[in-house]
Amino acid sequence: MEADVGPVVVATPDPRIADVVRSFGGQVVLTGDHPNGTLRVAEAAEAFPADTILNVQADQPLLEPSAVRELADLVRSTGTIGTLAAPWPADVPLEDRASVKVWIGRDGFATGFSRDPLAPDARRHLGLYGFPRAALVRVTSTPVGERARAEGLEQLTWLDAGMRIAVREVARAHPPVDTPEQLARVRQLLGGLP
């Protein structure tokens, strides 16, 4: 909401989360159960006429509003799928499989993603995406590829299908919450929340 790039809608399959969002006056769409956030966002987006849809995952509690604005600008300026990356944090080992790596070509588009440290020039991928509506429809109707299944990274399906993913680098990557250790670290950064 602080990014001020358009309406904010929470898409969730969990009625408990929906109730919390409604309790503070937020907009929510109760979706079916999906294997990834992109499919959940696509279902929720069917009810809204937006040309650009941003998928900001709940596992990014420290994400800065400026990053969301950067993503919206990237998608609108390129007309393609967009995502963000940051320099690799000094306190995260490159071998950390919970941290997704992205490689960016000279043209500003992703050349690859991996959980493994395959090359030293990797950037840390921030797990959020922006889509023109037509691209969101295409990615959600493309069968999941073998590389994507093996790595657990849906964006590899998109690359393998010939879709382009524009990447904008932001100054820093705040830690996501994908593991219990990352949750403990984020709680500490937020002042020791339970």
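Which residue forms a salt bridge with Arg185?

## Salt bridges

Arg185 pairs with Asp91, and the closest N and O atoms are 2.5 Å apart. A salt bridge here is a side-chain nitrogen of Lys or Arg within 4 Å of a carboxyl oxygen of Asp or Glu. Arg185 lies in helix α7 and Asp91 in the loop between β4 and β5, so the pair ties together parts that are 94 residues apart in sequence. Helices (H or I, at least four residues) and strands (E, at least two) are DSSP runs, numbered from the N terminus. At 32% relative accessibility Arg185 is partly exposed, and so is Asp91 at 49%. Buried means under 20% relative accessible area, exposed over 50%, and partly exposed in between (1.4 Å probe, protein chains only).

The structure holds 10 salt bridges. Another one joins Arg123 and Glu169 (3.0 Å, N to O). Arg123 is in strand β7 and Glu169 in strand β8, 46 residues apart. Salt bridges with shared partners also connect Glu70, Asp73 and Arg168 in one network.

## Model and numbering

This is a predicted model: local features need pLDDT of at least 70, side-chain atom pairs count only at pLDDT 80 or more, and totals for chains, interfaces and linings use all residues. Residues are numbered from 1 along each chain as its sequence is written, and side-chain values use heavy atoms, with hydrogens and water left out.

Most residues other than glycine have a negative phi. Asp4 is not a glycine, yet its phi is positive, about 55 degrees. Asp4 is found in the segment before β1 and is exposed, with a relative accessible area of 68%.
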